[in-house]
Amino acid sequence: MPEKPAVTRPSPPNVEPAHRAETPALVRVGAPLFALLVLLLTFYNTLPYAAYDAAKLSKLFCAKAVAVGGAYLLAGRVLRFVHRAAQNGLDEESGNFLAFFVICAAWFGFWLLGLWPGFYMTDSYGTLWSMYSLSFDNWFSALHPLLYLALYQIVPNAVVVPIFQLLLTSLVFAYALAGLRRLGLSRFLTILLLLALLVNVPVIALTLLVTRDTVFSVVLLFFALWIFFRIVERERAFSGRELCFCAALIVFLAIYRGDGIALLLAVPLLLGLNGRISTPRAGMLFLGALLMLQIVKPALIKALAIPDDQKIAYSVSLMMNPLGYLLQNDYVTATPEQDRKVLGMLVDVDKVKEVSIPYEIPAFWSGYWKPVPEAAFSRVRALYGRMIMDNKALFLANRLICFSASTGMRPYGFTYCDMARDTKHAPHFDAVYNEPLHRTLFPALYQRQAGFIASASTFTGLHPEGKFLHWNFLPELALALLALALFPWFPATASTALVVLSRVPLVFLAAPAGQFKYYYSLYLFGFFVIFLLIAERKGAWARKGRQ
């Protein structure tokens, strides 16, 4: 009689031993300990303030919370990585990430050593001064000076901002390059992309330029690439945790720059089109992010004791460029005298008409306007809106000229600024200029590096050299639009393009000046487009092979 075969009881699927799910002791102990050390460092490095009040203490508390919270999260990620490498060895992707990060950080660090303490402009020193004086305004958003103040809790010197920016840029570049290698992009193409990103004048200059546009653009690029990898590598719907992460990044970017509000529509739309989220959940993501924004932004302004006195000033700065152009070109109106009277409540009409240029807002910076009550400003704003609607062609002509100045196609338009060497700075910026590290370390290296960037940023006409070659993002814009048009065949790359492009129309319509850095995220993304298309196709082939 044959023996009865033994019955093998398979272990329950997807169940791992309990000890694997536990947080390693290295992380449980190391992350809080590192955060505690950073907290102690923040008290040791606190800048001397003449007097403290509730508003100043609130700002310092928030800055310390950001510094300590960031330290805890960073330490947790690093220690988990170390623990996993110690247990299982360093896998290929982690090795690639480390190699790319070290290469990028060393490259940008080399440029920082020569251009020490980095590149600064008026906005840079204005933000640093607001941090020094603990008198925040809402001109650059509530988050921007808070970030600087948090960094100063760790290293109380302006050079900490370029150091932070180069590390952030290096991390995002390494994340992108390692991810593309994971999807099967060849070593040759990966190195080609790395060289295109590093041997790049605008990337070097804006990595070292102390400006919120660098931080915003790099975080936006990360967000777009994170969505790309999730769509290519995972066919399932986004989890609740992933959607919360999306909502948090949308809120962060919308607070950090006003035009980031476009992501509220773009992200739910692209996730829905890719089948990664149902229509009801897309609506929930939109409403959830909108609700978070309406709660977090006012709460942040209140916690940092930020006055509302800059709201009208910022709005005037956005209006001044098109307004001057309309006045200079005899805009069409049925009530010229009435218009002049209403505009005169806010601006010096004759002076605005005389000094305005379509690339900048000299009338605003020269003070040819005055603060007015909200009711009066509402009347001016309503008239301004009517002027635009009745003179659409003139308004669009102004916007095109301003846009073209951003692209490197004209001698006008801001690229970067080197105010760290400026001896005729404003007196209230003395606090930063007199910092111990706020001076060139290697003069000979500075001359070589600064001379190279300056020559590459000089307009010599529409020739493949100088500003037109290096500071022209029109090829990157064309590539991004191409990627968007390829949605039926390359949905992940097209979705990534939509994340980056979503804010461009708002910037085009509202930019007060022709500045390349407003479009820096678009410029960065353009270098990735071809490689994303290749990687997406390889990822699709790999999925078919597994099936």
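## Cysteines

Cys244 is exposed, at a relative accessible area of 55%, whereas Cys104 is buried, at 0% (buried is under 20%, exposed over 50%, partly exposed in between, with a 1.4 Å probe and protein chains only). This is a predicted model, where local features need pLDDT of at least 70 and side-chain atom pairs count only at pLDDT 80 or more, while totals for chains, interfaces and linings use all residues. Residues are numbered from 1 along each chain as its sequence is written, and side-chain values use heavy atoms, leaving out hydrogens and water.

You will find zero disulfides here, a disulfide being a pair of cysteine sulfur atoms within 2.5 Å. For Cys244, the closest cysteine sulfur belongs to Cys246, and at 9.3 Å that is too far for a bond.

## Helix 8

Helix 8 covers residues 187–198 (helices are DSSP runs of H or I with at least four residues, numbered from the N terminus). Its twelve residues reach 16 Å from first C-alpha to last, close to the 16 Å expected at 1.5 Å a residue (1.5 Å times one less than the number of residues).

Which residues of helix 8 are buried? They are Thr190, Leu193, Leu194, Leu197 and Leu198. Looking down the axis of helix 8, these fall within an arc of 125 degrees, so they line one face of the helix; the arc is taken from the directions from the helix axis to the C-beta atoms. As background, an α-helix has 3.6 residues a turn, so residues three or four places apart point the same way.

Definitions and conventions: Helix = DSSP H or I, 4+ residues; strand = E, 2+ residues; numbered from the N terminus.
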